[in-house]
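Try each task yourself before reading its solution.

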Amino acid sequence: MVADEIGHPDVHQFPIVKPNHSDIPYIVLGFHRRKETVRKDVTIHFFIDDSKFITVLNNPHKHIDELSTYRWVIGSDFSVQSQMTLEDKRHNIFNIKKITAWWQYNGVNVIPNVVWCSGVDYDYCFDGLPKHSVVAINSTGIGKDERSKQVWIDGYTKAIDILKPTSIIRYGARQDARTRQSACISAMKTERLHNKIR
């Protein structure tokens with residue numbers, strides 16, 4: 001079992017994710033599009049629909065050899081949404097850290113992905129994540145709703161306060177002036193670069 005091999009020594013029984021001190025990735029591709037290029041100097045991300053990468057959870061051994069050939073991999077990103085129960089959100093965040101720790105344990109160069117939904121999640125969403133590391137944060141799907149934007153900004157600020165990351169890779173639009181220190185790798189930029197990486 002994956003959890004048995006990596007252990008879960010955190011106070012809330014979350015796996016411990018190691019810090020990553022990589023450079024900021026330039027070219028990123030969704031896991032579901034990885035077969036569209038033979039290049040390995042790209043970064044694989046999971047900011048896509050859960051159904052497109054559920055195999056990494058159902059069969060965690062399957063993709064290790066393949067993912068280890070890429071320069072970087074951003075940790076998985078199972079959905080954490082407001083309509084979900086606290087138990088379901090906690091379960092998905094646990095799985096994100098479990099898969100990330102498992103990949104690291106097997107030599108994959110994984111950038112930790114920080115995930116939360118609202119302030120209710122602060123008690124556990126940062127547990128097991130490293131301090132003073134490069135991290136990734138997803139800002140897509142927020143839209144123009146001011147409340148959703150503020151919830152995201154609050155979580156972003158909390159992540160900085162607790163984790164003190166050395167660099168932040170933001171996948172998606174900048175939501176506020178306070179996020180200007182993050183390096184943006186947007187979906188639009190990914191699409192624009194796609195034709196250059198074959």
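Two strands pair if DSSP finds at least two bridges between them. Strands here are DSSP runs of E with at least two residues, helices are runs of H or I with at least four, and both are numbered from the N terminus. You're working with a predicted model, in which local features need pLDDT of at least 70 and side-chain atom pairs count only at pLDDT 80 or more, while totals for chains, interfaces and linings use all residues. Residues are numbered from 1 along each chain as its sequence is written, and side-chain values use heavy atoms, with hydrogens and water left out.

**Exercise 1. Work out which strands β6 pairs with, and how its residues are placed.**

Step 1: Look at the partners. β6 and β7 run parallel and share five bridges, with Asn 138 opposite Tyr 171 of β7.

Step 2: Check strand β5 (residues 113-114). This one also pairs with β6 in the parallel sense, over two bridges, and Val 114 sits across from Ile 137.

Step 3: Ask about cover. Buried means under 20% relative accessible area, exposed means over 50%, and partly exposed is in between (1.4 Å probe, protein chains only). By that rule, five of the five residues of β6 are buried.

Step 4: Sort the side chains. In a regular strand they alternate between the two faces of the sheet. In β6, Val 134, Ala 136 and Asn 138 point one way, Val 135 and Ile 137 point the other way, and all are buried.

**Exercise 2. Describe the sheet that contains β1 and give its strand order.**

Step 1: Write down the order. Four strands make an open sheet, β1-β2-β3-β4, with parallel pairing. Its edge strands are β1 (28-30) and β4 (110-111), each pairing on one side only.

Step 2: Zoom in on one pair. Strand β2 (residues 43-45) and strand β3 (residues 72-74) are joined in parallel by two bridges, and Thr 43 faces Trp 72 of β3.

Step 3: Recall what holds such pairs. Strands of a sheet pair through backbone hydrogen bonds, either parallel or antiparallel.

**Exercise 3. Find what lies around Pro 165.**

Step 1: Pro 165 is in the loop between α6 and β7, and it counts as partly exposed because its relative accessibility is 21%.

Step 2: List its contacts, meaning heavy atoms within 4.5 Å. Skipping neighbours within four places in sequence, Pro 165 touches His 132, Ser 133, Val 135, Ala 159 and Ile 160.

Step 3: Look further along the chain. His 21 is 144 residues away from Pro 165 in sequence, yet their C-alpha atoms are 9.9 Å apart.

Step 4: Follow up on Ile 160. This residue belongs to helix α6 (residues 146-163) and is partly exposed at 25% relative accessibility.

**Exercise 4. Which residues other than glycine have a positive phi, His 132 being one of them? Take two cases.**

Step 1: Start with His 132, where phi is near 55 degrees. His 132 is in the loop between α5 (122-125) and β6, and is partly exposed at 45% relative accessible area.

Step 2: Move to Lys 164, with phi near 50 degrees, again positive in a residue other than glycine. Lys 164 lies in the loop between α6 and β7, and is partly exposed at 43%.
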